[in-house]
Amino acid sequence: MQNEVRVGAFFIATVVLAATLFIFLSDYMGRRSSQTITAHFANVAGLQAGAEVRLSGVRIGRVVRIVLEEHADFPGRPAQVVMAIQRDIILYDTDSFHVDQGALIGDKYVSISRGAAKRKMLLADDSHVPGAGLAGLGGLPEDAQELMA
């Protein structure tokens with residue numbers, strides 16, 4: 001009888017450990033507590049999945065994946081950046097999404113800046129928004145090219 005108790009206890013401990021590992025490694029809890037927003041960019045300049053998403057310099061989420069696929073509502077913006085953002089963060093349709101560079105070379109993140117419009121609509125979960133492009137020094141060549149055209 002004592003062997004059966006040990007085997008049963010070992011089995012229960014193994015199942016609990018496996019479930020705990022699954023939850024933490026798959027970010028299961030993070031997905032349930034976040035909203036998904038997809039921004040469409042013409043160029044993401046080396047942005048990687050796992051990069052931070054910041055609002056006013058504060059980390060509010062992360063880039064889940066980047067997909068290269070045209071969307072009918074966003075012609076000329078084939079790079080889709082799928083972001084998981086904390087559910088308690090309120091985003092509006094007037095907010096701008098930029099790819100920005102951090103202090104380290106190659107350290108890219110998505111920066112969200114608030115729009116100044118008085119009439120704002122809340123972004124729902126699974127919303128698609130236009131990306132505003134590259135911010136900072138990364139956007140200078142793009143801006144110069146637009147001025148020369």
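One term to settle before the clicking starts: two residues are in contact, or touch, when they have heavy atoms within 4.5 Å. You are looking at a predicted model, where local features need pLDDT of at least 70, side-chain atom pairs count only at pLDDT 80 or more, and totals for chains, interfaces and linings use all residues. Residues are numbered from 1 along each chain as its sequence is written, and side-chain values use heavy atoms, with hydrogens and water left out.

**The whole chain**

Start in cartoon view. Helices (H or I, at least four residues) and strands (E, at least two) are DSSP runs, numbered from the N terminus. The chain has 3 helices and 7 strands, and from the N terminus on they run α-α-β-β-β-β-β-β-β-α. Among contacts between residues at least 6 apart in sequence, 63% join residues at least 24 apart.

Accessible areas come from the Shrake-Rupley method with a 1.4 Å probe, and for residues only the protein chains shown count as cover. The total is about 10000 Å², with 60% of that belonging to carbon and sulfur atoms. Buried means under 20% relative accessible area, exposed over 50%, and partly exposed in between (1.4 Å probe, protein chains only). Of the 149 residues, 30% count as buried.

**Strand β4**

Select 79-86, which is β4. Here 7 of the 8 residues are buried, so β4 is largely enclosed by the rest of the structure. Which strands does β4 pair with? Two strands count as paired if DSSP finds at least two bridges between them. β1 and β4 are antiparallel over 8 bridges, and Thr-38 has Val-82 in β4 as its bridge partner. β3 and β4 are antiparallel as well, over 7 bridges; on this side, Leu-68 is partnered with Ala-79 in β4.

Stay in β4 and pick Gln-80. Is Gln-80 buried or exposed? With a relative accessible area of 10%, Gln-80 is buried. Leaving out residues up to four places away in sequence, Gln-80 touches Thr-38, Ala-39, His-40, Arg-65, Ile-66, Val-67, Glu-69, Glu-70 and His-71.

**The nonpolar core**

Next, show side chains. A nonpolar core is a set of buried Ala, Val, Leu, Ile, Met, Phe, Trp, Tyr and Cys residues joined through side-chain atoms within 4.5 Å. The largest one has 23 residues, and Met-83, Ile-85 and Phe-97 have the most contacts inside it. β1 (34-41), β2 (52-55), β3 (58-68), β4 (79-86), β5 (96-101), β6 (108-113) and β7 (127-134) each supply at least two residues of this core. β4 gives the most, with 4 residues.

Click on Met-83. Apart from neighbours within four places in sequence, the contacts of Met-83 include Ile-37, Val-53, Val-64, Phe-97 and Val-110.

Then go to Phe-41 in strand β1, which counts as buried at 0% relative accessibility. Beyond four places in sequence, Phe-41 touches residues including Val-81, Phe-97, Gly-131 and Ala-132.

**Strand β6**

Select 108-113 for β6. This strand is mostly covered, with 5 of its 6 residues buried. β6 pairs with β2 in the parallel sense over 3 bridges, and with β5 in the antiparallel sense over 6 bridges.

**Rings and charges**

A charge sits over a ring if NZ of Lys or CZ of Arg is within 6 Å of the ring centre and within 35 degrees of the ring normal. Arg-54 lies over the face of Tyr-109, at 3.9 Å from the ring centre. Lys-120 lies over the face of Tyr-92, at 5.0 Å from the ring centre.

**Two loop residues**

Most residues other than glycine have a negative phi. Ala-45, in the loop between β1 and β2, has a positive phi near 50°, and counts as partly exposed at 27% relative accessibility. Finish at Ser-56, in the loop between β2 and β3. Its phi is also positive, about 55°, and Ser-56 counts as exposed at 68% relative accessibility.
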